[in-house]
Amino acid sequence: MSAITRDEVAHLARLSRLALGDDELAHLAAQLDQIITAVARVQEVAAEDIPPTSHALPLTNVYRADEVRPSLRPEQALAAAPAAEEQRFRVPRILDEEA
Amino acid sequence: MSELVRKGAAELGELIAAGEASAVEVARAHLDRIAAVDGQVNAFLHVDEEATLAQARAVDERRAAGEELGPLAGVPIAHKDVFTTVDMPTTAGSKILEGWQPPYDATVTRRLREAGLVILGKTNMDEFAMGSSTENSAYGTTHNPWDLSLIPGGSSGGSSAAVAAYEAPLSTGTDTGGSIRQPAAVTGIVGVKPTYGGSSRYGIIAFASSLDTPGPFARNVLDAALLHEAFSGHDPMDSTSVDRPVPPVVEAARRADVNGLRVGVVKEFAGEGAQAGVTARFTEAVELLESLGAKVVEVSCPHFTYALSAYYLIAPSEASSNLARFDAMRYGLRVGDDGTRSAEEVMALTRAEGFGPEVKRRIMLGTYALSSGYYDAYYGKAQQVRTLVSRDFDNAFEQVDVLVSPTTPTTAFPIGERADDPMAMYLADLYTIPANLTGNAAISVPVGLADGLPVGLQIMAPVLGDDRVYRVGAAVERALEDRWGGPLLARAPELAEASK
């Protein structure tokens with residue numbers, strides 16, 4: 001049995017904001033199935049009472065001093081923008097009613 | 001080839017400090033070497049000769065003005081294209097960032113400049129540091145200087161190849177699952193993954209934030225230590241940076257003795273499943289350590305064999321979140337914005353065109369592992385394995401001072417062999433991943449050839465025990481160079497130099 005179906009892979013592509021063609025989806029589905037089957041080994045470890053680790057070092061709530069310091073000027077921040085207008089990033093429509 | 005490009009970083013630093021060579025002469029020699037061989041090696045994505053010479057001139061002027069400069073002032077370096085640089089494009093090997101010029105320098109970049117290092121250019125890498133061969137770069141594969149038909153390792157394969165091909169005495173890398181140690185091993189040079197948090201991640205284009213660690217490549221252990229010291233230390237701009245002094249790595253590299261040190265051989269990684277020649281060189285290296293006065297014992301780390309699986313859930317999960325920033329809105333590629341499509345459609349078209357196959361696989365794998373319904377069975381379990389691997393290290397370091405294993409299961413493999421077989425590619429990181437999951441320091445040093453190709457020894461130390469990997473690595477290096485009459489890299493075939 002497959003660990004992941006073609007429909008699930010299509011759903012993952014939508015969640016990941018990747019517009020993939022049919023061929024690419026089919027190729028990825030086979031590879032993801034193989035990878036997921038392999039990495040499922042983590043489930044063999046009896047770990048009911050083992051706490052999870054999310055980070056290598058036990059650092060929490062690290063703050064720096066709340067001091068004003070120089071930041072990017074608008075023209076620096078916008079220098080690499082695909083499109084800019086009036087010191088703002090110009091983006092495609094976000095809301096349908098504005099179309 | 002100029003004699004200057006054969007010299008190590010420490011030696012070049014001394015020559016420049018003594019006025020026997022100028023930083024400009026040293027930079028010129030390396031730029032000429034790049035011009036002569038990089039057409040075959042493809043280690044560099046960006047080289048700007050005039051800008052490099054200007055940096056070198058500035059160092060010479062600072063020295064002429066009587067300024068006190070560090071040991072690496074005027075020494076050239078190749079910089080992995082994952083570190084932001086205000087004066088050079090930064091692509092992370094991806095088409096989605098083609099031509100992007102960052103508005104700020106990474107902390108590592110800034111510290112290289114402050115130390116007077118001369119940045120020759122930016123090096124090739126697997127896209128977003130995902131891979132073990134540089135074949136995932138959008139800008140072509142880098143070739144191993146030992147045999148141009150083979151991979152140079154990855155993801156920092158441009159950086160390993162540049163140093164192994166004498167295009168630079170030093171380079172930077174990042175190591176998330178082995179991306180410094182594995183390329184160092186397969187090109188016959190030294191590569192170090194420092195303790196996580198010991199060197200700043202600020203300005204490194206993020207792959208997996210809980211694992212990414214910048215570190216040095218060099219042709220000898222002392223040079224790696226000097227570079228490690230130059231760019232490491234606490235950085236308030238990285239909240240995961242450790243506020244502790246840099247371990248005494250340079251002193252340890254100079255000390256280079258293992259007398260009385262307890263060395264643990266990781267039983268699970270002692271050679272099963274590895275290429276026969278790799279196992280043979282590893283066994284000899286362990287015998288060498290014993291002959292140098294180390295006490296060698298076998299140590300079991302039973303959960304290390306689960307580390308690879310845990311890593312390929314944790315790293316893609318973090319990547320799927322980190323790479324959400326490539327949304328076609330503020331910088332980078334934008335595809336299909338013809339006035340009829342919504343932002344979301346433009347985003348999905350841009351990401352499909354801008355990311356390569358491995359990046360797409362990992363984003364989707366991470367999205368899967370974090371989905372409701374699968375989270376506990378995959379990401380949750382992987383986090384528990386991370387705890388178990390950490391306990392294995394803790395138990396081991398109660399008995400020994402360092403752990404050793406081969407760096408990689410095989411020597412460099414042919415370009416193309418694993419390019420569309422992700423699981424085979426992932427196995428290249430089998431031995432290097434545990435130290436990433438737990439943040440430990442680890443080094444790879446060359447210990448000989450198997451079937452004519454370099455083999456690396458991995459030495460792992462506890463968190464913030466970075467000095468130990470340099471001490472043991474330098475001891476192994478000194479003993480082997482005495483035996484061989486020079487470094488392993490001297491046995492690499494000469495690359496044909498293109499005429500200007």
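Colleague: Is B:Ser179 buried or exposed?
Modeller: This is a predicted model. The cut-off for buried is 20 or more other C-beta atoms within 10 Å. B:Ser179 has 36 C-beta neighbours inside 10 Å, so the residue counts as buried.

Colleague: Where in chain B is B:Ser179 found, and which residues is B:Ser179 in contact with?
Modeller: B:Ser179 sits in the loop between strand S4 (170-175) and helix H6 (181-187) of chain B. Neighbours within four places in sequence are left aside here. The contacts of B:Ser179 are then B:Ala129, B:Gly154, B:Ser155, B:Ser156, B:Gly173 and B:Thr174.

Colleague: Which residues does UniProt list for "active site"?
Modeller: The record is an unreviewed UniProt entry. The entry lists B:Lys80, B:Ser155 and B:Ser179.

Colleague: Is B:Lys80 buried or exposed?
Modeller: B:Lys80 is found in strand S2 (residues 76-80) of chain B. Leaving aside neighbours within four places in sequence, its contacts include B:Thr123, B:Ser156 and B:Gly173. With 31 C-beta neighbours inside 10 Å, B:Lys80 counts as buried.

Colleague: Which element gives the largest share of the side of chain B that touches chain A?
Modeller: In chain B, 55 residues are in contact with 45 residues of chain A. Helices H10 (304-322), H11 (343-354), H12 (357-370), H13 (376-399) and H14 (422-426) of chain B each give two or more residues to that side. The largest share, 11 residues, comes from H13(B).

Terms used: Residues numbered from 1 in each chain as written. Chains lettered and ligands numbered in written order. Predicted model: local features only at pLDDT ≥ 70, side-chain atom pairs only at ≥ 80, totals over all residues. Contact = placed C-beta atoms within 7 Å. Helix = DSSP H or I, 4+ residues; strand = E, 2+ residues; numbered from the N terminus. UniProt positions renumbered as here; feature names shortened; annotations may be inferred. Buried ≥ 20, exposed ≤ 12 C-beta atoms within 10 Å, placed from the backbone.
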